[in-house]
Every structure is written in structure tokens, then in C-alpha cells.
Amino acid sequence: MDARRYMERVGELKEIIDNKIEERTRLYLEAVSTGTSGNGERVQTSTGAGAMTGTVEKYVDIDRQIAGYTREIQEIICTIEMLEHDEYDVLHKKYVQGMTLKAIARKHKKSYSWVSHVHGNALISLQIILDMRKGEGQKNDSERK
């Protein structure tokens with residue numbers, strides 16, 4: 001996998017997690033609804049045990065999905081922690097914290113070109129790690145045959 005694409009995955013996963021949290025909140029509200037409208041009138045709702053069980057199962061499934069996406073983000077962070085400190089810091093600030101390269105430069109009191117250079121080097125270093133992992137995975141696959 002391309003290093004830049006690997007890091008961009010963090011933002012995608014965060015968006016998915018946010019959407020899953022919204023979905024989970026909707027399910028929670030559905031599960032705890034009292035079956036009355038805002039004006040106190042009784043409304044027809046499906047509050048049978050089967051419907052409630054389905055809602056709870058969906059809620060638990062969403063929680064599992066969120067945990068899986070969170071683990072994937074943690075794996076990416078653990079991978080970039082293998083880099084030299086400045087490289088790790090720039091990648092973390094850009095892709096995990098969502099800062100721009102200009103904002104990172106201001107925070108570090110460095111030039112934009114310094115941050116851009118470190119970012120480029122970090123992606124190269126990360127690509128080496130990813131390629132080594134890919135090579136190890138292919139090696140392990142061939143050893144199993």
C-alpha cells in the first residue's frame with residue numbers, strides 16, 4: 001500500500017467512526033423511546049421483544065465495528081511511532097490530528113519547507129516499513145505452501 005494512502009486511511013476511519021456513532025445514537029434513542037409523541041399522545045410503535053432484540057443486536061454490532069476501526073487507527077499510529085521523532089510528529093499532526101503543514105510549521109516555529117521536507121521523508125520512511133511488512137507477509141505465505 002502507498003504510504004500516503006495508508007495515512008489518509010486515518011481520516012477515512014474517523015469519518016466512518018463518526019457516522020457509526022451517529023447511527024448508534026439513533027438506535028439508542030429508538031430503543032429507549034417511550035412510544036409517545038412530543039404532545040403526549042400515544043403513537044403506534046414496534047416495541048415488541050423481537051424489535052427490541054433487533055435494535056440491541058444492531059447497537060452491539062455497531063460497537064464492534066467502531067472498536068475494529070479504532071484498532072485500525074491504533075495500528076497505524078503504532079506503525080508511525082517506529083519513525084524518527086520529527087517524522088512521526090509531522091505525520092501524527094497531519095493525519096491523526098488533522099493539522100495542515102502550515103499549522104505544523106507555526107506550532108514548531110519552523111519553515112513550511114522544513115515541515116514539507118520532513119513530511120516527504122516521513123512518507124518515504126513509512127513506505128520502507130510498509131514494503132518490508134508486505135515482503136514478510138509474502139514470505140510467510142510462501143513458507144506455508
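Before going on, the ground rules. This is a predicted model, so local features need pLDDT of at least 70 and side-chain atom pairs count only at pLDDT 80 or more, while totals for chains, interfaces and linings use all residues. Residues are numbered from 1 along each chain as its sequence is written, and side-chain values use heavy atoms, with hydrogens and water left out.

So, the overall picture. The protein chain has 5 helices and 0 strands, and from the N terminus its elements read α-α-α-α-α. Helices here are DSSP runs of H or I with at least four residues, strands are E runs with at least two, and the numbering goes from the N terminus. Of the 145 residues in the chain, 28% are buried. For that word, and its relatives: buried is under 20% relative accessible area, exposed is over 50%, and partly exposed is in between, with a 1.4 Å probe and protein chains only. The accessible surface of the chain is about 9600 Å², and carbon and sulfur atoms own 51% of that; the method is Shrake-Rupley with a 1.4 Å probe, and for residues only the protein chains shown count as cover. If you take contacts with a separation of 6 or more, 70% of them join residues 24 or more positions apart. Contact means heavy atoms within 4.5 Å.

Back to T55. You'll find T55 in helix α2, residues 49-80. Is T55 buried or exposed? At a relative accessible area of 8%, T55 is buried. Setting aside neighbours within four places in sequence, T55 is in contact with L27, E30 and A31.

Now the helix pair I'd like you to look at. How do α1 and α3 pack? Helix α1, residues 3-32, and helix α3, residues 85-96, pack at an angle of about 40 degrees with their axes 9 Å apart. That makes α1 oblique to α3. The cut-offs: under 35 degrees is roughly parallel, over 145 roughly antiparallel, 65 to 115 roughly perpendicular, and the rest oblique. The axes are lines fitted to C-alpha atoms, for helices over the stretch in contact, and angles run from 0 to 180 degrees between N-to-C directions.

Who makes that contact? From α1 you have R4, M7, E8, V10, G11 and K14, and from α3 you have L91, Y95 and V96. They divide into 5 nonpolar, 1 polar and 3 charged. Ala, Val, Leu, Ile, Met, Phe, Trp, Tyr, Cys and Pro go down as nonpolar, Asp, Glu, Lys and Arg as charged, and the others, Gly among them, as polar.

Take K14 from that list. K14 sits in α1 and counts as partly exposed, at 32% relative accessibility. Outside four places in sequence, K14 is in contact with I73, V96 and Q97. K14 and I66 are 52 residues apart in sequence, with 9.5 Å between their C-alpha atoms.

Over to H119, in helix α5. H119 is buried, at a relative accessible area of 5%. Its side chain makes a polar contact with the side chain of Y95, at 2.8 Å. Leaving out residues up to four places away, H119 touches R4, V90, L91, K94, Y95 and L101.

Staying with α3 for a moment: D89 is in that helix and is buried at 10%. The D89 side chain makes a polar contact with the side chain of K93, at 2.7 Å. From D89 to A122 is 33 residues in sequence and 9.4 Å in space, C-alpha to C-alpha. H85 is also placed in α3, yet H85 is exposed, with 53% relative accessible area. The C-alpha atoms of H85 and A122 are 9.7 Å apart, across 37 residues of chain.

Last stop, α4. L101, A103, I104 and A105 of α4 are buried. What follows α4? That's K109, with a positive phi near 55 degrees. K109 is in the loop between α4 (101-108) and α5 (112-144), and counts as exposed at 76% relative accessibility.

Terms used:
A polar contact is a pair of N or O atoms within 3.5 Å; within protein, one must be able to donate a hydrogen and the other to accept it, and residues adjacent in sequence count only if both atoms are side-chain atoms.
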